[in-house]
Each structure stands twice: as C-alpha cells, then as structure tokens.
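Dear colleague,

My notes on what was found in it follow directly after.

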Amino acid sequence: MSSLHKSRWGAGARLPPSAGLQNFRMSLGNPRLSCRSSVNSALVILLNYLPVEKALWSTLLKKQRELYSQFLKEMIIQPGIAKANLGVSREDVTLEDHPLNPNPDSRWNTYFKDNEVLLQIDKDVRRLYPDMAFFQRPTDYPCLLILDPQNEFETLRKRVEQTTLKSQTVARNRSGVTNVSSPLKTSAPNSLSEYEVLPNGCEAHWEVVERILFIYAKLNPGIAYVQGMNEIVGPLYYTFATDPNSDWKEHAEADTFFCFTNLMAEIRDNFIKSLDDSQCGITYKMEKVYSTLKEKDVELYLKLQEQNIKPQFFAFRWLTLLLSQEFLLPDVIRIWDSLFADDNRFDFLLLVCCAMLTLIRDQLLEGDFTLNMRLLQVSTKIHQEWGGGRRTLFKQEIFLVYNTGI
C-alpha cells in the first residue's frame, strides 16, 4: 500500500471503542435481546466502522464514503489509457514502458498481475450464494462514477471481457500458487455467459462485491485476494444492500468495504499459508476446536480420534469462513451478530463449532468413518440434522459455556 493510501486509510478507518460499547455488545450477544430495526446499526459499531455515539455518524460516513470514491477513481481504470472521445492522447505504450516490459515497476506488469487477481475474484463472485437470486439481480443503486459513459473509467466487467487472459482459467490458492489452464480442458459452468449480461447502465450485486474485493486486493498486496474472501464479504454486503433504510442501501458498497476490511484485519491470518502453524494460524485454531471438545464431551472426542477424523477435514472451512457456508444466509447473519458482539469473538466461534458437533453427537457416535466424514463435510446435511437451526445451536452453545461435560 502506498504512503498516500496509508495516510488516507489511517484516518478514521478503525475507531476506538467507547464506554457504551460493552453494554451494546451485551444486548446483542443475547439472542432474545437482539431484535433490531436495522442490522447495520450493529454491524458498523461491532466492526469498528462507527462509534456508538450516533451524533458522530454523519460526518464520519461522509468522509469514509468520499475516501472510497477516491479509491474507485484511482484503481478501477486501465493504467495510462484515456478514452478517445475525451481527446486525450494515448500514453500506454512508450519506449520505456510497454506490454512486454519485464520490469516489476512497469505499469503493464502491474496491470497483468491485477488481471490474474481480478479473474479469480470474478469466477468466485459469479457463483456467490448460487441458491439465491439476489446476487444476480441488478442493484437499485449502480455506481454512477463507474458506469457513466462520459467518464474515463471502465467497469471491471469490461476489463474481464477484454483482457487477453480471458481465454484462461486462473486460480490462486492459499499457498499463493497461481494455476492457469485452458477452458477447453474443463467444463465451463462459470463462464462469462453463465448469467445473463445486464444492459449498459445496470450492474448486478455480484459485480459490486467484485469491485469491493478488487479494491481490497489492491490496497492489501501482501494478501491480495484468496478464495473464501467472497464468502466473508457476501453476508456483509447483503445486510447493507437489503436494509430498509435507503441511505444504507445506496452506500452499501462503500460501507461494506470498510466493514469487510476491519473484519479481515482480525481474521486475515487464516488466509495466509505461511502462518498456518503459528499460534495465530488456522492449524492452531483447528486444534483448539478438538481441545475444547475434549473438555466438553470427551466421549465424542475419543470417537473422532479413534476414527482418525482430524479437525482439518471439516473445521478448516468452519473457522476460515466463519460458518458462512454451513447455514442459510439469514442464519449466518444472526450467528454473526452474536459472534461479533462477543468480546472474545473467536473463542465464541470455537464453542459454536463444538455445539455443532455435540448436536449431532448421537449420529457421530453410531457412524463409521465414511458416514461421519459425509456428515461433517456436507453443510446442508448438517443443517438438516440440526433441525432447529440457530435457536437450537445457541441453546447448545450456552449449555457448553456453563458445563464441563455432556
């Protein structure tokens, strides 16, 4: 991140908690007390985007939304290419800088690397919550700054369509390895034509999510984009974009970006392969699921150990994606309310994971390795077994908090 971006980002991006935050957290942490007219009033506070004092919101929101607009201006544009209808001469190809320039500081080199990241984001966000039509629908508040044909910016949609890499499939895993393969060798369920292209002047909700992730990757080159981040930003954006308050809906993109960035500041270590075996890495957290389970239900723990079912087989997704793939989206949002409201939010997450295991303990104790692996790895199956959904889960989690055994 450049020093300019750092200085902008540092101004008001994360706010210190106020004296009233503890009481606010307590009210949200109790499922019975968490009925609110606007979910966003909780999210923006719990994710340190805004303070508890609402009198300060107007000024801070205006400042942050203007900052996000500036990010759009600086980062979503073909480097050095001006539109011909503006009468600006082309400066994209020079003797010093051209598409074949191997210099790491070359604008073209940066552009092509950005394309790799963009194509991975594009592939992932197009299939975001495929069981819901929401993300394929047009937003009521398209980004006019990007879509206005009179300005010098282009949409990421056009960039994906026009890039010379569009004939290849690019995937980047948590190890940072980029794989490029020809689509002729694979099926193409995620091709550009998978969803109906919206007319000019319109954009789908998934395109807004794509823009958020691309901006985040540009501002955080150390981690950039890793598969799974789309599952984290999706529920946040959905919450803002469906809020009854039109102001939240209109500025859903900017507000989601800052909430997502603050959340990633807490969980980004889960996405960094080199940190897996450290005390802040995902391996350590997965082992804590089993150590917590051993404390709460030693019989179930021994059964899973006997069958050599390692927490990596199922808890990796649960912890990394904050359970976003294990429940229906409304339930994910409700669980996140309680998760974010907890002072020790990730200790709370470990207890929720243990509650998920103990709720299906009878099936796990009776099942063999194959059946138990299927039960643990297929999220829809788990959801059916829970039956009662989030209410049952919360009851079981509360029981685990106050009891050392089942």
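Helices (H or I, at least four residues) and strands (E, at least two) are taken as DSSP runs and numbered from the N terminus. This is a predicted model, in which local features need pLDDT of at least 70 and side-chain atom pairs count only at pLDDT 80 or more, whereas totals for chains, interfaces and linings use all residues. Residues are numbered from 1 along each chain as its sequence is written, and side-chain values use heavy atoms, with hydrogens and water left out.

The chain as a whole

The protein chain contains 20 helices and two strands. Of its 406 residues, 50% count as buried; buried means under 20% relative accessible area, exposed over 50%, and partly exposed in between (1.4 Å probe, protein chains only). The accessible surface of the protein chain is about 19600 Å², and carbon and sulfur atoms hold 53% of that area. Accessible areas come from the Shrake-Rupley method with a 1.4 Å probe, and for residues only the protein chains shown count as cover. Among contacts in the protein chain with a separation of 6 or more, 74% are between residues 24 or more positions apart, a contact being heavy atoms within 4.5 Å.

Histidine 205 is located in helix H8 (residues 205-219). With a relative accessibility of 6%, histidine 205 counts as buried. Its side chain is joined to that of tyrosine 237 by a polar contact of 2.7 Å. A polar contact is a pair of N or O atoms within 3.5 Å; within protein, one must be able to donate a hydrogen and the other to accept it, and residues adjacent in sequence count only if both atoms are side-chain atoms. Neighbours within four places in sequence aside, histidine 205 is in contact with Phe134, Phe135, Arg137, Pro138, Thr139, Tyr237 and Ala241.

Helix H9 is mostly covered, with 13 of its 13 residues buried. From first C-alpha to last, H9 reaches 18 Å, close to the 18 Å expected for its 13 residues at 1.5 Å a residue; the expected span is 1.5 Å times one less than the number of residues. Alanine 241 belongs to H9 and is buried at 10% relative accessibility. Not counting residues up to four places away in sequence, alanine 241 touches Phe134, His205, Lys249 and Ala252. The C-alpha atoms of alanine 241 and histidine 251, ten residues apart along the chain, are separated by 8.2 Å.

Aromatic pairs

Rings of Phe, Tyr and Trp (its six-membered ring) pair if their centres lie within 6.5 Å; planes under 30 degrees apart count as stacked, over 60 as edge-to-face and the rest as tilted. By this rule there are 16 aromatic pairs. Tyrosine 129 and phenylalanine 135 have ring centres 6.0 Å apart and planes at 15°, so this pair is stacked. Both tyrosine 129 and phenylalanine 135 are buried.

Phenylalanine 134 and tyrosine 237 form a tilted aromatic pair, with 6.3 Å centre to centre and 45° between the planes. Phenylalanine 134 lies in the loop between helix H5 (107-126) and helix H6 (144-147), and tyrosine 237 in helix H9 (residues 229-241), so the pair ties together parts that are 103 residues apart in sequence. Phenylalanine 134 and tyrosine 237 are both buried.

One aromatic cluster is formed by Tyr49, Tyr68, Phe71, Phe257 and Phe258.

Aspartate 114

Aspartate 114 is part of helix H5 and is buried, with a relative accessible area of 14%. The side chains of aspartate 114 and lysine 218 are joined by a polar contact of 2.7 Å. Leaving out residues up to four places away in sequence, aspartate 114 touches Arg159, Phe214 and Lys218.

Backbone angles

Most residues other than glycine have a negative phi. Tyrosine 129, although not a glycine, has a positive phi of about 45°. This residue lies in the loop between H5 and H6, and its relative accessibility is 11%. Alanine 224, also not a glycine, has a positive phi of about 55°. Alanine 224 is found in the loop between H8 and H9 and counts as buried at 10% relative accessibility.

Yours sincerely
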